[in-house]
Amino acid sequence: MMVVATVAFCLGGVLLGGAGIFVLLNLGDYRALRTLRRMTPVALSSVRGGRVAVQARTEYGPSGRHLAPVTGEDCAWFHVRLIREPSRHYVGSDDPDHDVLADFTSPDGFALADPSGRVPVDPAVLDISDVAGPRVPVTTTLEHRLKAPIALPAVVPREVVDDLRKSERLTLTEVRVPRAVPVFALGRVSRGQFKRSLAGLTAFTTSGRERVIAGLEDSIRHVSRVIVVFALAGLVLAGGGAGYLTTLA
């Protein structure tokens with residue numbers, strides 16, 4: 001019985017610790033929700049600098065329209081990366097296990113536009129969004145092996161394909177931003193360009209602001225229920241186990 005009480009006490013402690021972790025997660029969601037409620041979207045024509053929230057659409061950047069090299073789709077911006085795995089070089093603990101054979105991006109960035117105006121966007125914002133929601137860019141990945149060959153676009157040099165060994169594979173990834181995609185964005189404007197927030201919330205998603213807020217509210221409610229369950233179960237188990245062990249002392 002002492003073993004059961006000890007296990008119950010330890011399990012209760014784990015559940016209480018888990019409840020504490022969920023509390024911290026909820027605090028982060030509360031802060032994000034407070035920021036979203038405070039930052040109402042503005043027209044792009046009124047954007048001058050600093051933190052800003054906008055609801056707009058993706059648009060071609062200074063370099064204009066592009067055709068994505070892998071899919072051939074019309075887009076406002078793209079990034080293409082070709083890697084070979086495993087690496088043919090010595091791989092240490094800090095070295096990548098692949099060779100980068102190609103890595104290039106369309107000139108300039110893309111833009112956000114609404115009926116009042118437009119603002120250029122730093123593509124780095126695509127990698128950072130602190131709220132859940134569908135991503136703006138579309139990713140296409142192709143894998144080629146000698147045992148499972150596929151037709152690769154012209155962006156992959158023929159000599160690279162011919163040089164492939166049986167144990168290796170080529171992975172071609174294209175990330176593109178289509179034109180005219182509705183976007184809710186929260187970040188900062190610096191030197192006339194929309195960028196991620198240096199501190200605080202960054203959002204860049206195809207979900208509208210209201211949907212993002214509703215998603216955070218649902219997440220907070222769900223996590224709050226989990227906190228209550230974990231805390232009560234933890235108190236019962238830890239308290240019961242500790243009480244029994246105390247009687248044995």
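**Surface, strands and backbone**

Reply: R31, R34, R38 and R51 gather on the surface in a patch of positive charge. The model is a predicted one, in which local features need pLDDT of at least 70 and side-chain atom pairs count only at pLDDT 80 or more, while totals for chains, interfaces and linings use all residues. Residues are numbered from 1 along each chain as its sequence is written, and side-chain values use heavy atoms, with hydrogens and water left out.

Me: Which helix gives the largest share of the positive patch?
Reply: A patch is built from residues with over 30% relative accessible area and no salt bridge, like charges being joined within 9 Å and nonpolar side chains (Val, Leu, Ile, Met, Phe, Trp, Tyr) within 5 Å, and the areas come from the Shrake-Rupley method with a 1.4 Å probe. Lys and Arg count as positive, and the place of a charge is taken as CZ for Arg. R31 is located in helix α1, and the largest share, three residues, comes from α1 (residues 2-38).

Me: Which helix gives the largest share of the nonpolar patch?
Reply: L16, V228, L232 and L235 make a nonpolar surface patch of about 360 Å². Helices here are DSSP runs of H or I with at least four residues, and strands are runs of E with at least two, numbered from the N terminus. L235 lies in helix α3, and the largest share, three residues, comes from α3 (residues 209-248).

Me: Which strands stand at the edges of the open sheet of four strands?
Reply: The open sheet has antiparallel pairing, where two strands pair if DSSP finds at least two bridges between them. Its order is β5-β4-β9-β8. Two of these have a single partner strand each, so one side of each is left without a neighbour in the sheet: β5 (99-105) and β8 (138-145).

Me: In β9, which residue is the bridge partner of R81?
Reply: Strands β4 (residues 77-85) and β9 (residues 169-177) run antiparallel and are joined by nine bridges. In β9, the partner of R81 is T173.

Me: How many residues lie between β6 and β7 in their hairpin?
Reply: Five bridges join the antiparallel strands β6 (residues 110-114) and β7 (residues 117-121), and L112 has V119 as its bridge partner in β7. The number of residues between β6 and β7 in the hairpin is two.

Me: How far apart in sequence are the parts that D163 and R84 tie together?
Reply: D163 forms a salt bridge with R84, with the closest N and O atoms 3.9 Å apart, the criterion being a side-chain nitrogen of Lys or Arg within 4 Å of a carboxyl oxygen of Asp or Glu. Because D163 lies in the loop between α2 (158-162) and β9 while R84 is in strand β4, the pair ties together parts whose separation in sequence is 79 residues.

Me: What is omega of the cis peptide bond that joins E85 and P86?
Reply: Most peptide bonds are trans. P86 lies in the loop between β4 and β5, and the cis bond between E85 and P86 has an omega of about -10°.
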